[in-house]
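Q: I would like to learn how to read salt bridges in a protein model. Could you walk me through them with the one shown here?

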Amino acid sequence: MGIRLPSLLLNARQVLKKQAQSDVPKGHIAVYVGEIQRKRFLVPISYLNHPTFMALLKRAEEEFGYNHPMGGLTIPCREDAFMDLTSRLHSS
């Protein structure tokens, strides 16, 4: 009997496999953030389990589906809001 992962985590796993051979350090994932112009950020994969970050991933899934042509997850939020969130996650 296998364990089913939510589609969100399966999608993140696929992106991580793509990034394994890129310039992303081990234990991190590249995300592209912005509403119009997207900026690339490297975040620890541990953030993927945080409820607030998972909400962003859910929003990204709803807006972009599983197509991430830039090679990393695309997160549709303002850059300053993302930076605020990641700084709070880093502090905790």
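This is a predicted model: local features need pLDDT of at least 70, side-chain atom pairs count only at pLDDT 80 or more; totals for chains, interfaces and linings use all residues.

Q: Which side chain meets Glu-61 in a salt bridge?
A: The general idea is that side chains of opposite charge can pair when their charged atoms come close. A salt bridge is a side-chain nitrogen of Lys or Arg within 4 Å of a carboxyl oxygen of Asp or Glu. Here the partner of Glu-61 is Lys-58, with 3.5 Å from N to O. Both residues sit in helix H2 (residues 51-64), 3 residues apart, or about one helical turn. Lys-58 is partly exposed, at 40% relative accessibility.

Q: How many salt bridges does this rule give?
A: The count comes to 5. One of them joins Arg-40 and Asp-23, at 3.0 Å from N to O.

Q: Where do Arg-40 and Asp-23 lie?
A: Helices (H or I, at least four residues) and strands (E, at least two) are DSSP runs, numbered from the N terminus. Arg-40 belongs to strand S2 (residues 39-44) and Asp-23 to the loop between helix H1 (7-19) and strand S1 (28-33), so this pair ties together parts 17 residues apart in sequence. Arg-40 is partly exposed at 33%, whereas Asp-23 is exposed at 58%.

Q: What does the salt bridge between Glu-79 and Lys-39 tie together?
A: These two side chains meet at 3.5 Å, N to O. Glu-79 is in helix H3 (residues 79-91) and Lys-39 in strand S2, so the pair links parts 40 residues apart in sequence. Glu-79 is partly exposed at 28%, and Lys-39 is partly exposed at 41%.

Q: Where is confidence lowest, and where is it highest?
A: The guide here is pLDDT, the predictor's confidence in each residue, from 0 to 100. In the protein chain, H1 has the lowest mean, 55, and S2 the highest, 92. The chain's mean pLDDT is 77, with 68% of its residues reaching 70 or more.

Technical notes
Residues are numbered from 1 along each chain as its sequence is written. Side-chain values use heavy atoms; hydrogens and water are left out. Buried means under 20% relative accessible area, exposed over 50%, partly exposed in between (1.4 Å probe, protein chains only).
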